Structure formats: structure tokens, C-alpha cells
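Subject: Structure for you to look at

Hello,

Here is the structure I said I would pass on.

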Amino acid sequence: MISIDIDERVSIARKSLSDAMSFQASGDLESAEKAYVRVLHKDYRTIDILPLLANVVAKRGDAETALYYWDKLLGLNPGHLVALMEKGALLRQLGRSAEAVGCYEMARGLSPENPLVRNNLAVALADSGRQPEALAEFRHVLRLQRDNINARHQIRRISSLIVPFWHIAMMNDTRRNDAFEAAIRLAIELRGADAQILDIGAGSGLLSMMAARAGATNIATCESVPAIAQTAERIIAANGYREQIDIFEKPSTELSVGREMKARADILISEILSSDLLAEGVLKTFEDAHARLVREDAIVIPRAASAIGCLVASETLSNYAHVGDVSGFDMSQFNALAPLRLPVHGTMTEWTRLSDDFEIAAVDLTARKHSAALRKITVPVQANGTAVGVVQWMKVDLIEGVVFDNHPDGYHDGGWLQVLHTFPQPVDVHAGSSVDMLVGHDGTSLLMTPIA
């Protein structure tokens, strides 16, 4: 009797399965789903039916129910590679990329050399904002499939997101490079070839290699961006300085004496100045280095830097910084959302000087502590015009006798840009008058604004 019941159940299940597959082939997904569910209720070939059902439900547009069936399958067989991949795809479709990463990581554990698995994991990692890990996965895909154009493209795309565009321009900046190398050579002459050197912000490794070329034998450098650090390590090795330079893939705040460094540094080198002087956390980085990583009498390169600027008028820049009437509508309230800063480059952007140069802020990078510094100044106006803001550049005191600046009158092809700091609203000015301004910094950014 029991045998007859089992045979009958199997027969019904087979009929339902045949119906389901016919419905699916004809495009009747709703009927196919119902037929597959009937098969499941008969406990017939569950492991085989669940993928078919999940795919039909997903194709019908019900991603959540499809996930339910994939989870049901994974409950029966946690190592089901297809289920993990399909579940990951649905999670990405639902915008749940972080969960998708988990699925693809499990799939990678099951099939580590499967290019599709590694590719899908890379995509999910990128969607989740985990670009360095995504980059590593796409590189693995490329090792598995050397002609994979998509992987090659994604490596370039993600690298360009991780690595700021100005790195190559900085490397090609001969004036900057020569100034830093002169300062580094002088420091090594003063402290000796065996001096402990700390280079914060390795970038390409250029400054550390300059120190090694000058004879230094004890150089520690760090870079917090993995893709940049790994590239710098390859560059250092290719140029023959692997024995002299230790590069660490971490920020300087995670270095310690006795672990990465043998002793506190005799010479601190750090080119982490941004075009607007402070935006890269310069002061906090130097404060931490002085407190933990460098000697009290260390030579610091650069030892000081200042932001200089002048009032400017520019219709071109004003159209990026301010808005008024547009197509007969008053759009001026959008100025509250306008950018505080815009990059400019020497004479490449047309603007007119309205004042002489004036100092905005100065920082002593040999100091152990820094505080916000604001002051009121009066800027004499030299020409009539509408001041859109202040174009700012830097003067960098590297070491005694070596100074570098990116003054717009003579610096048009380097890596440092000048920066327009926009006013909340344009200000009409007249030759012979003056503009009262509040200038300085808050520790992380420059401030310059006209005051009544």
C-alpha cells in the first residue's frame, strides 16, 4: 500500500514537472511557478527543482521570493555554487551589494580560480565602495584571463577613482622635484647617510628614492592607499633601492618606533600639501609625527608653508561660482550650495588681478601643536571690477635656502594648481578703496571672506 502511494506521488510529481517545463518554455511563468511548487510539495528532486523555481520567479520579477528559494536550497546544500552566484546577483539587483559580497566570497572559497566568481565578487566590492579590494579581484581575473578586456578596463577605471589625477602631474613637475631634492640632499649632508629618514605619504616613492640616491641607507616611508603603495614598492624595486627603503601600506598614524621604524626620525620628509595647503589633514599628520615618530631636533622638510592670494575678477570663474537670473528665473538662492573652491591653473583660466598679493595663512611645520588662526585684514584694491573671490597659491619653505612656490605669474605647467576661493556673493570694488576680510584657517581648511 505504501509502495503504491509513493509511486503515485512520484507519478504526479513527474507530471507536474513536465507541465512546469512546458509552461516555462512557452513563457507562461506564473503557471510554471505553480507547477514547480506542486513538484516541491511532493518532495520530488528538491535539489534540482529549487534552482528551476528560483529562476522562474526571478524572471517573473519577484526577486525577494527568488531569494527565498535560493536560501532554501542553500539550507540543504550550503556549498551550492550556482545558488551562491544567483543569490549574489539578486542581492546586487536589489541594491544589497554588501550582502552580495558575502555570497561571492563563499563562492570564491568553493571555486577560487573561477574567473566568473572573481569577476562578480569584484563588481560587488566596487558597488560597496570597497575599491582597493575590487581592484585586487579584477587583477586576479586578469591573471586568469589575460585577454579579459573588461577586467583590464575596470582596473584602469577603479585605479583612477582611487588615485587622484594630480599624482602624475606632480611627478612631472621639474621645479618642485628639484627643490625637494636639493632640500633632501642638504639634510642628509647635515645628518649623515645613516640618519633615520621618515617619508610620510610615499606616493610614487620619488622623494624616498631621492634620499636613497643621495646616499641615505635607513629610509622608512608609508602610503595609506594600497594601490599606490603597491605601485611605489614595484617602482622602488625596479630602480634598485629595495634595500635602502622600507615602504609600509598604512598611514603614518599607524606607524610606531620599534616596529616599522628602528628609531625616531632624524629627518622628516612629507609632501602631503594640497593646493589649498591644509585639505589633506597636514597639521594633524605633522602633530602626530612630532609626538611619536621624530626627534625633537629633526630636520623637517618642508619646515613651513604659507598661503598667498589676491582678489580677482573673472566672468568665466564667476559663472562657475555664482548664479543669478537664468531664463527669466531668479536662481540666486542656489548660491548657498555653490562650491567654496575651484581649481585654476596659472594663465589657463582668464582672470584679472584686483589687488596686490597678501598672506592668508602661514603654518610652522616644525611646531608640535597648531591652533586655528583667524585675523582681520584690509586689502587695498588696485583696479575696478567685480571680485568673485581670492585666487590662492602656496609658498613652501623646504629648508634653509630652498623655497618653492606656485605663484601664478610664473608657474603654469606644474602639479600644484592655484585655487579660487569663492565669495558667497560677488563684490563690486573700485581702485583706491579697500576690502576688509577675515582670513586664516580652522586647522583643516583655509578661510577668506569679506566682512562688512
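An angle between two elements runs from 0 to 180 degrees and is taken between their N-to-C directions, along axes fitted to C-alpha atoms. Keep in mind that this is a predicted model.

The sheet

Strands of a sheet pair through backbone hydrogen bonds, either parallel or antiparallel. In this model, five strands form an open sheet in the order β3-β2-β1-β4-β5, and the pairing is parallel. At the edges sit β3 (245-248) and β5 (294-301), each of which pairs on one side only. From one strand to the next, the twist averages 25°.

Which residue of β3 is the bridge partner of I219? The partner is I245.

A helix on the sheet

Helix α12 (residues 206-213) lies across β1 (197-200), β2, β3 and β4 (265-270). Relative to β2, α12 runs at about 175°.

Two helices side by side

Helix α5 (residues 81-93) and helix α7 (residues 115-127) have axes that come within 11 Å and cross at roughly 25°. Angles under 35 degrees count as roughly parallel, so α5 and α7 are roughly parallel to each other. The crossing of α5 past α7 is left-handed. On the α5 side, L81, M85 and R92 make the contact; on the α7 side, the residues are L116, V117, N120, V123, A124 and D127. By type, the residues of this contact comprise six nonpolar, one polar and two charged.

Regards

Definitions and conventions. Residues numbered from 1 in each chain as written. Predicted model: local features only at pLDDT ≥ 70, side-chain atom pairs only at ≥ 80, totals over all residues. Heavy atoms only, no water. Pairing = 2+ DSSP bridges. Helix = DSSP H or I, 4+ residues; strand = E, 2+ residues; numbered from the N terminus. Contact = heavy atoms within 4.5 Å. Parallel < 35°, antiparallel > 145°, perpendicular 65-115°, else oblique. Left-handed = near helix turned anticlockwise from the far one by under 90°. Nonpolar A, V, L, I, M, F, W, Y, C, P; charged D, E, K, R; others polar.
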